[in-house]
Amino acid sequence: MSEPTTRRDLAAIARRWIEEVWRPNDAPPFEELHAPGFRDRGAPSGRGTDRDAYAASIAELFAAFPDFIASVDDLVVDPEAGSVGVRWSASGTHRGVFEGIAPSGRTVAFRGIEIIRVRDGRIVERWGEWDGIDLLRQLRGAAPARGEG
């Protein structure tokens, strides 16, 4: 049986996830925050959905954008469901191959939305979408789209 998680606890887990896991550092709390049975429900076709595959995808992102930094723009917390919606923004400098595109040295900015489900203080599922088309445009030299949405 899972422990009840408060709105405050869920918000703190989501903020920590974005502000610590999604920023390159020496000791991200990845293992601590993700349950062993974690599932990435937003994984693209051809990539695994387990915790190890998700960790590898983050490492690939950091290899392409070593100064990647994400921040929370908005949280929507549902304590009854144990879930948090996170609207985030991020930036980084393209220093490694990303999606087959050679390093450009360009600094890019992009946004996305994640939904995480938490059980017993750890993330058990994640769904996510980010503006990949805008990111690819920037990597190819076009200015980022800046519409509010």
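What percentage of the 149 residues of the chain count as buried? The share is 39%, where buried means under 20% relative accessible area with a 1.4 Å probe, protein chains only.

This is a predicted model, in which local features need pLDDT of at least 70, side-chain atom pairs count only at pLDDT 80 or more, and totals for chains, interfaces and linings use all residues. Residues are numbered from 1 along each chain as its sequence is written, and side-chain values use heavy atoms, with hydrogens and water left out.

**View 1. The chain and its order of elements.** Here you can follow 4 helices and 5 strands, arranged along the sequence as α-α-β-α-β-β-β-β-α. Helices are DSSP runs of H or I with at least four residues, and strands are E runs of at least two. Along the principal axes, the C-alpha atoms fill a box of roughly 50 × 30 × 30 Å.

**View 2. D40 in its strand.** Look for D40 in strand β1, which covers residues 34–40. D40 is buried, at a relative accessible area of 1%.

View 3. From D40, the side chain reaches the backbone nitrogen of G42 at 3.0 Å and the backbone nitrogen of A43 at 3.4 Å.

View 4. With neighbours within four places in sequence set aside, D40 is in contact with R47, T49, Y54 and R126; contact means heavy atoms within 4.5 Å.

Terms used
Buried < 20%, exposed > 50% of the residue type's maximum accessible area, 1.4 Å probe, protein only. Polar contact = N/O pair within 3.5 Å; in protein donor to acceptor, adjacent residues only side chain to side chain.
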